[in-house]
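Hello,

Here is the structure I promised to pass on to you. Please have a look at it first, and then read on for my notes.

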Amino acid sequence: MFMAAFIALFQTNAKRILAYSSISQMGYILMGVGCAAYLGYEGAMGLAGTAYHIMNHAFFKAGMFMMVGAVYARTHELELSRLGGLYLDFPVTALAFLVCACGIAGVPGFNGYASKTLLHHAIVEAYEHHHAVSLYWAEKIFTLTSAFTVCYITKLYTSIFFGPRPFGLKRLAGEPLLEKAVFGIMAVGIIIMGLFPSAMLKRFIEPAAHGFIYDGHGVEHLLHLNIWTRHDLQGIAVALGLGLLFFVLFSRSGAFSYRPPGWLSVEYLIYQPVTRLGGLVYTFSGRIVDITADGFFVKGIPPLVLVSRKVAFWDDCLDPYLLQPALKTMARLYTGGARFLDSAAEGILVESRRPLIRFSNSMYVLDSVVLVGLGGKLLLLGKFFREFFYGFCFRIIKFCMLLGRGYGRRAFLALIKMDYDYKGEEFYHYFNILNFDFDFILLFVVLVSVLVIGLVLI
C-alpha cells in the first residue's frame, strides 16, 4: 500500500502511475482483509471496507484507465512531459477524470471516502483490540499513504489537462457523444456510491457479511454507521491537506523528477545479496562435503581397503579351479530345466488345445474379414455424413459472418489491447480508433444496465 504509492510519485508515464496506483489500492484491500482476519468474530468492519473499496476501485480506476486511453488514442503520448492543457480538447473527460480523482483520493461526497473511512475504522478497531504497537504505526502509514495518493493523482490530473501545452501538440478533434455518455455515467455512479453509502451497505455489503461468521450486532452496526461525523471528516482532511502540501513542495522543488540511485533498487538491495549469499553457501557447503568425503572415504577407512585387496587376491586364485566349474554346472542345469518346461508346455498347452485354437482362428477370420470390411464401409459412410454436416454448418457460419460485415473481427481486436503504437500506418490508426469506439459501445451498454438495475434495487 505504502511502497507502491511512494513509487507512483516519481513516475512520468501516465499508465505506470495508474498501474502503481492499482498496486497500492490492492494494499488497502489486503489491509481490510487483514483487519477482518485479526478481529475474527468481530471483523465485520474490515470485510465491509474491503468489499466497498473493491467496488469503488472498479469504478474510478477503470474510468481513469479509459480516459487516459482516450487521450492516448488521439495523441499517442503517455509521457506527462509531452501532455498538458488538454481540458480545452477534452472538457467532459477532464471533468469525469476529476470525479474519479476525487473518488480515489477520498474526498467527502465521492465513493472512495466511504470505503476508506470504513477501512480506517477497521484498523483503529484492530489497534484497540490489543493495543499492538505495530497496528498503531499501521494506522499512521494508512494516513500517509492516503496523502501520497492525493499527491500523485493531483500530479497526473494537472499534468494531462492543465499546465502549459507542449510545443507540437496540435488541437485535437472533439469528444464523441459515446465517450461523453460513458464517462458521464461513470462519474454519476461514483457520486451516487459516495453520497448514499447506507444504501450500498444495505444492498451489497451487509448481505455479503452474512456469508461469514461475524457478530450479529457488528453486522447490524454497519447499517446504522454514520461516516459523516466530525472525527471522520477531520481524518480525511488531514490526508487531503498533507497530499496537497506534498504536491506543492514536490512541484516547486523538482522532486517529481527525482530518480533514486541504483543502490536503492530491489535488484541491488535484495536480488544481488541473495545471489551472493547463495553462492557463498554453495561454495562453503561444497568444500565441507569435499573435506568430509576425503577424510571419511579415503583416510578414515584403510582397514576396508586392505580387506578389499585380499578378497580380490583370493578371487583371482580360486576363479580357474572353483568358480568357473560351478558357474558352468549352474548354466547346464538352467538350460536343461528350461528345455523340459518348454516341451511340457508344448504338449499340454498346445497339443491338447486344438479345438480352442480352431475356434480362435475362426474368430480371427470374423474379426479381420467381416467386421473390418463392414466397419470400414460404415466408417466411410459416417465420415461422409460428418463432412456434409460440418460443411453445412461452416457455410451457415460464413454466411452469418458476411452478414455481420466484420463486427466479429472488430470485437476480437477490441477485446485484446487498444493501446498499441500508431506505427505511422493508416491501418493501425483506423483499427485503433475503431476498437476504442467498439469498447465504448460495450461499456456503455454494461454501465446503463448496471445503473438501471442499481436504481431499481436502491
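A residue counts as buried under 20% relative accessible area, as exposed over 50%, and as partly exposed in between. By that rule Arg165, with a relative accessible area of 28%, is partly exposed. Please keep in mind that this is a predicted model.

**Salt bridges**

Asp89 sits in the loop between helix 3 and helix 4, while Arg165 belongs to the loop between helix 6 and helix 7, so the pair ties together parts that are 76 residues apart in sequence. Asp89 has a relative accessible area of 4%, and therefore falls in the buried class.

The structure holds 4 salt bridges. Another one of them joins Glu77 and Arg82, whose closest N and O atoms are 3.5 Å apart. Glu77 is partly exposed because its relative accessible area is 21%, and Arg82 is also partly exposed, at 47%. Glu139 and Lys140 form a salt bridge as well, with 3.5 Å between the closest N and O atoms. Here Glu139 is buried, at a relative accessible area of 14%, whereas Lys140 is partly exposed, at 37%.

**The chain as a whole**

The protein chain has 15 helices and 0 strands. Of its 458 residues, 33% count as buried. Its accessible surface comes to about 28500 Å², and carbon and sulfur atoms account for 71% of that. If you look at contacts with a separation of 6 or more, 80% of them are between residues 24 or more positions apart.

**Cores**

Which residues have the most contacts inside the largest nonpolar core? They are Leu156 and Ile160, in a core of 51 residues. Several helices supply at least two residues each to this core: helix 1 (2-8), helix 2 (14-39), helix 3 (44-75), helix 4 (91-105), helix 6 (133-161), helix 7 (177-195) and helix 10 (230-253). Helix 6 gives the largest share, 9 residues. Setting aside neighbours within four places in sequence, Leu156 is in contact with Ala14, Ile17, Leu18, Leu80 and Phe97. There is also a second, separate core of 33 residues, which includes Leu39, Ala48, Leu119 and Ile123.

Thr145 has its place in helix 6. Its relative accessibility is 0%, so Thr145 counts as buried. What does Thr145 contact, leaving aside its neighbours within four places in sequence? The partners are Met1, Phe2, Ala5, Ser24 and Tyr28.

Ser115 is found in helix 5, which covers residues 111-130. Ser115 is buried too, because its relative accessible area is 0%. Beyond the neighbours within four places in sequence, Ser115 is in contact with Gly49, Tyr52, His53 and Asn56. Ser115 and Ile104 are 11 residues apart along the chain, and their C-alpha atoms are separated by 9.9 Å.

**A nonpolar patch on the surface**

For the outside of the protein, have a look at Trp263, Tyr268, Leu269, Ile270, Tyr271 and Val274, which form a nonpolar patch on the surface. Together these residues have about 670 Å² of accessible area. Val274 is found in helix 11 (residues 266-299). Is Val274 buried or exposed? At 52% relative accessibility, Val274 counts as exposed, because the cut-off for that class is over 50%.

**Confidence**

The mean pLDDT of the protein chain is 80, and 74% of its residues reach 70 or more. Over residues 414-423, however, the pLDDT is below 50. That stretch still has 23 contacts in the model beyond near neighbours in sequence. Where pLDDT is low, the predicted coordinates should not be read in detail.

Best wishes

Notes
Residues numbered from 1 in each chain as written. Predicted model: local features only at pLDDT ≥ 70, side-chain atom pairs only at ≥ 80, totals over all residues. Heavy atoms only, no water. Patch = residues over 30% accessible without salt bridge, like charges linked within 9 Å, V, L, I, M, F, W, Y side chains within 5 Å. Areas by Shrake-Rupley, 256 points an atom, 1.4 Å probe, with all protein chains shown as cover. Salt bridge = Lys/Arg side-chain N within 4 Å of Asp/Glu carboxyl O. Helix = DSSP H or I, 4+ residues; strand = E, 2+ residues; numbered from the N terminus. Buried < 20%, exposed > 50% of the residue type's maximum accessible area, 1.4 Å probe, protein only. Contact = heavy atoms within 4.5 Å. Core = buried A, V, L, I, M, F, W, Y, C linked by side-chain atoms within 4.5 Å. pLDDT = per-residue confidence, 0-100.
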